[in-house]
Amino acid sequence: MFPQDIPTPEPETPCRPRQPYRFSTLCATVENPSQKDQFGSSSVPIYQTATFKGVGGQYDYTRSGNPTRSHLEHHLAKISSAAHAFTVSSGMAALDTILRMLKPGDEVIAGDDLYGGTNRILDYLKTHGGVTVHHVDTTRPDTLLPYINPEKTAMVLLESPTNPLLKIVDLARIAADIKERAPNAVIVVDNTMMSPYLQRPLEHGADIVYDSATKYLSGHHDLMAGVITCNRDDLAKQMGFIINAAGNALTPFDCFLLLRGSKTLAIRMDRQQATSMLVAQMLDRLGFKVHYPGLAEHPNRDVHERIADGYGAVLSFTTGDKALSERIVGATRLWGISVSFGCVNSLISMPCVMSHASIDPATRAARGLPEDLIRLCVGIEDPADLLDDLERALLEAGAITLTAGGDLHQRYVRTIPSEGTAISRAVQKLAFNESAGYTAECNEDREWFVSAPGKVILFGEHAVVHGVTAVAASVDLRCYGVTTPRHDGKVSVHFIDIDSFREEWGVDDLPWDAVTPVRVGDFHPDTLDHKLVDAITTRALSPEVLAKPSARQACIAFLYMYMIMAHGGNRPSFNFSARATLPVGAGLGSSASFSACAATALLLLYSRIQLPAQPAPTTDGHVHVSHGGRRAIPPALAEEVNRWAFVSEKILHGNPSGVDNSVAVFGGALSYTRPGFGRKAGMIPIQGFKSLKFLLTDSRVPRNTKQLVAGVAALKEQDPEFVNGLLSAIQHISDEAQRALADPQLSRQTLLSALSALIDENHGHLVKLGVSHPSLEAIRSKTASPPYALSTKLTGAGGGGCAVTLVPDDLSEFSLLELMAALSRDSFVPYLTSVGGSGLGILSPYNQPQLLATPPETPREGEASAGAVELLRDTFAGKATADLSAWADSLGRWLFV
């Protein structure tokens, strides 16, 4: 028992001993048995005096000691599990007192996410005091080990949670590591963010703990104070000497104020951290990246819960744009714009321009401190008022949009930042309108029906690998996907075109420990999370699935997106069925259209995208022009789907160009040039592309794309002049085709004639590159024979796969059917399709007769049992491929990119 402890009263009877007083009681009870007030004052008096009369008394000069300060320090030691406590004029004065124990040549290990004032004084010591300071990521204990020197490491300076990114540091483990390797090093913890109520680092191996008592301990921002606590007598003796010598001890009046404020610490913190959780959950629900240990996905949350008794009342979040953050901060009313925290009043600030402005921008960037970061310090106001004020500020700043839902209640949705606008990454997320405002739960409880087109490369295949521009366009043959709720804790897939493959997983059985989630509004990194890919492959897939390459890769892509998109504890239980009207593995982008469908379905289920509002109907004062759903999906939504579809393509193909998924999402036609060949790289939409009719003929000959690409590369190495000449010729073809397709003045007949000639020319060059196949030449010969006289070329990698034939407008239907029958007799599979149509499609949830597929409920007594809901999935799986598109179109209005 420390001398500062309040003696527990003796038991009233031997059978019922009293329990030790709890923290709240200790806070409110200021008792110092060794210093009883002579008049029995219930409140510690203010001994507002500089000197004391007499010789040899306990007090002589207030710089060295004062009864009010003694009461305060006794009280603070008691609630901090400490043997010694000192109070000084500020939190920085407390740190200065501690750092004065260092000498030239000493080394300090400190965190890389510290309070700005702490960085400032450490920089001063490095420059003027001969002290070496190592800044490391203390959230990973192993990063400290290389810097521990048994002879030179004199101090380790830690914060947990850190300010302002709320990073969690394992104080206990680091303390143990340091003591083992450098026993003489002093472990110092800044506990300001938590206060003794929520965290007592001395209990976890710290030697010294200090707080800026200006914050939570005082709670009213009406004084400046710092507190130092420790258990070691030698350290207490050194620091006591420094405080007396420097004269920075706390004044009697400030001691009185701090003692009064500390009595309500527990009750204030309870209210503040309860409201903080509500604020963090609201911001997280809106899709902002929130830093708060109370959120389930906060890094090292398990460590924090082991060493602390609560989550605190400080949180921070990013918006994606500094100017937007500034507008949010300026728009608040209840949230005062100020540095510091811990007050009964709520505060808002931008650390990089306020509390951490003394850290130069380059250092802030190196330490991962975002310039757009907003810090919220929650007070004791009514939670509803604080949430309302923050919502209004977000709305006024343009960070969120107010919409009406299907339940006629208004709700907020975040605007998604996007590059290329005046506000960096600020493209608004559109939300459901009043007829169908679906929440995440509603999204999970209904079936979603999505589709995406395949693609055909019209010009430039193979040559694109060597820097030649390729021209690609969408085809009317599509992949379709349906999500159906299960509500049984499982997620499943049904890939109908892969031998009707089925598989299911228990949601909680998936390797969630390997997931680093991508928060709503953030972009997936450029590289895949191979840790998650490996975990899915080795821990989620059965040997039977691993033995089926196509199904295996599709499962990995699906589960990868399902797991990495999860946020806010939402893990939907559903089935995803997919099938296509285009041939799989024939070079028509079937995997990309699958990727677009899977990505869209998951984005909808996780409410990471919201569909736009229905247009206003025709009235006396307004005319609504119907576009049949075309361009109903806004670009911002399509871009989000495309990014995730590209992630899926990386899993399926390793290093995709991005052409296939872009065509699957955006539709139409585009040109693509691979980077690194001296031409302007990237994808460019071909504006004004006119829809064309093509015959796609599947040769039913499997392709070996890698072998074909390698063969062209070998030929180029063997005869570069010959191959480069062919590549140059193909580039001219692609350039000419782009001009013709985008020219609005070119007549339809002239366009078709030009394209026909370019198709023949392009195919001839591909034959010389050695990538054709007898089956493709047979298709080409059949379509070129009288009476058809049509132009045909291979598409994709060649060596099998598909051939593409331009169908002119004046070819009779009889002749076309006759040609298709002839090709079928030769064991080929022809598909008549249009090229250049719409991209991604979503069956509109508005005004649909389909009921939500909710879990069955037991009818109340006297009520008839409702009939079973007819699910799309049941019909979807059984429809003949030839009837699938017509059936999908009959279900209602589709929304397209």
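Predicted model: local features only at pLDDT ≥ 70, side-chain atom pairs only at ≥ 80, totals over all residues.
Another salt bridge joins Lys455 to Asp660, with the closest N and O atoms 3.5 Å apart. This pair connects distant parts of the chain, since Lys455 sits in strand β15 (residues 448-459) and Asp660 in helix α20 (residues 659-666), 205 residues apart. Lys455 counts as buried because its relative accessibility is 4%, under the cut-off of 20%, whereas Asp660, at 21%, counts as partly exposed.

Arg173 and Asp177 form a salt bridge in which the closest N and O atoms are 3.9 Å apart. Both residues lie in helix α5 (residues 171-181), where a separation of 4 residues corresponds to about one turn of the helix. Arg173 is partly exposed, with a relative accessible area of 39%, but Asp177 is buried, with a value of 15%.

These two residues also take part in a network of salt bridges that links Asp142, Arg173, Asp177, Glu180 and Arg181. In the model as a whole, the count comes to 29 salt bridges.

Strand β2 (residues 107-111) is mostly covered, with 5 of its 5 residues buried. Glu107, Ile109 and Gly111 point one way from the strand, and Val108 and Ala110 point the other way, yet all of these residues are buried.

Strand β2 runs parallel to strand β3 (residues 132-136), to which it is joined by 5 bridges, and within this pairing the bridge partner of Glu107 is Thr132. Together with helix α4 (residues 116-128), strands β2 and β3 make a right-handed β-α-β unit. Strand β2 is also joined by 4 bridges to strand β4 (residues 153-159), again in a parallel arrangement, and here Ala110 stands opposite Leu157.

Key
Residues numbered from 1 in each chain as written. Heavy atoms only, no water. Salt bridge = Lys/Arg side-chain N within 4 Å of Asp/Glu carboxyl O. Helix = DSSP H or I, 4+ residues; strand = E, 2+ residues; numbered from the N terminus. Buried < 20%, exposed > 50% of the residue type's maximum accessible area, 1.4 Å probe, protein only. Pairing = 2+ DSSP bridges. Right-handed = clockwise from strand over helix to strand, strands pointing away.
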